[in-house]
Amino acid sequence: MKRTIQKLPESELDLMIVLWKQKNDMSRSEIEKIVNQKKTLAPTTILTLLSRLEKRGFVSVNRDGNLNKYRWLVSQEEYQQKEGKGMLEKLYGNSVKNFVAALYQGREIDDEDLKELEGFLKELNR
């Protein structure tokens, strides 16, 4: 059975990005240290966000001595695929052309970008 992946609010997504970048399970304080490099969140706020992520099935929590350790259950790739597909459908009428045009609106696409897009399209056709 395929699980339903919900869109995450920005604050929860920030925590998921931290977890996705790490190889090991992380404690709240380890997550807090990284998150607070960009914006300051109170320890209680981080715990609330982690609790929400656990209830939604995005993370698991395991007890390690006195610490709770958090691990992602939904991979970054799974989340990106779900969100990307939803955004493409809702905002661009399922048109990759319209999506790419919106990204480059008002500026020229350079040769490097074109080569990257061409390579991607060739991969898709294989």
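How much space lies in the largest pocket? About 700 Å³ lies there, where a volume is the space filled by probe spheres set on grid points that are joined across faces, edges and corners. A pocket is defined on a 1 Å grid over the protein atoms alone, as an open set of points where a 1.4 Å probe fits, with protein on both sides within 12 Å along at least five of seven lines, and its lining residues have an atom within 4 Å of a point. Rolling a probe the size of a water molecule over the atoms shows where empty space is left.

Before going further, please note that this is a predicted model, in which local features need pLDDT of at least 70 and side-chain atom pairs count only at pLDDT 80 or more, while totals for chains, interfaces and linings use all residues. Residues are numbered from 1 along each chain as its sequence is written, and side-chain values use heavy atoms, with hydrogens and water left out.

The largest pocket is lined by 17 residues, and those that lie nearest its centre are Val96, Phe99, Val100, Leu117 and Phe120. Two or more residues of this lining come from each of helix H4 (76-92), helix H5 (96-103) and helix H6 (111-125), where helices are DSSP runs of H or I with at least four residues, strands are runs of E with at least two, and both are numbered from the N terminus. The element that gives the most to the lining is H6, with 8 residues. By class, the lining has 12 nonpolar, 1 polar and 4 charged residues; here Ala, Val, Leu, Ile, Met, Phe, Trp, Tyr, Cys and Pro count as nonpolar, Asp, Glu, Lys and Arg as charged, and the others, Gly among them, as polar.

Phe120, which is in helix H6, also belongs to a nonpolar patch on the surface, formed with Leu121 and Leu124 and having about 320 Å² of accessible area together. Such areas come from the Shrake-Rupley method with a 1.4 Å probe, and for residues only the protein chains shown count as cover. A nonpolar patch joins side chains of Val, Leu, Ile, Met, Phe, Trp or Tyr within 5 Å, from residues with over 30% relative accessible area and no salt bridge. Phe120 counts as partly exposed because its relative accessible area is 49%, given that buried means under 20%, exposed means over 50%, and partly exposed lies in between. Leu114 is in helix H6 as well, and Leu114 is partly exposed at 36%.

Which residue has a positive phi although it is not a glycine? This is Asn94, with a phi of about 65°, and Asn94 is found in the loop between H4 and H5. Most residues other than glycine have a negative phi. With a relative accessibility of 48%, Asn94 is partly exposed.

The charged pairs come next. A search of the whole structure finds 8 salt bridges, each being a side-chain nitrogen of Lys or Arg within 4 Å of a carboxyl oxygen of Asp or Glu. One of them joins Glu32 and Arg28, whose closest N and O atoms are 2.1 Å apart. Both residues lie in helix H2 (residues 28-35), 4 residues apart, which is about one turn of the helix. Glu32 is buried, with a relative accessible area of 16%, whereas Arg28 is partly exposed at 24%.

Another salt bridge is formed by Lys69 and Glu30, with the closest N and O atoms 3.8 Å apart. This pair links distant parts of the chain, since Lys69 is in strand E3 (residues 67-72) and Glu30 is in helix H2, 39 residues apart. Lys69 counts as buried at 16% relative accessibility, and Glu30 is partly exposed at 35%.

In helix H4, Lys85 and Glu89 lie 4 residues apart, about one turn of the helix, and they form a salt bridge whose closest N and O atoms are 3.9 Å apart. Lys85 is exposed, with a relative accessible area of 52%, while Glu89 is partly exposed at 39%. Elsewhere, salt bridges that share partners join Glu12, Arg52 and Arg56 into one network.

How values were computed: Patch = residues over 30% accessible without salt bridge, like charges linked within 9 Å, V, L, I, M, F, W, Y side chains within 5 Å. Buried < 20%, exposed > 50% of the residue type's maximum accessible area, 1.4 Å probe, protein only.
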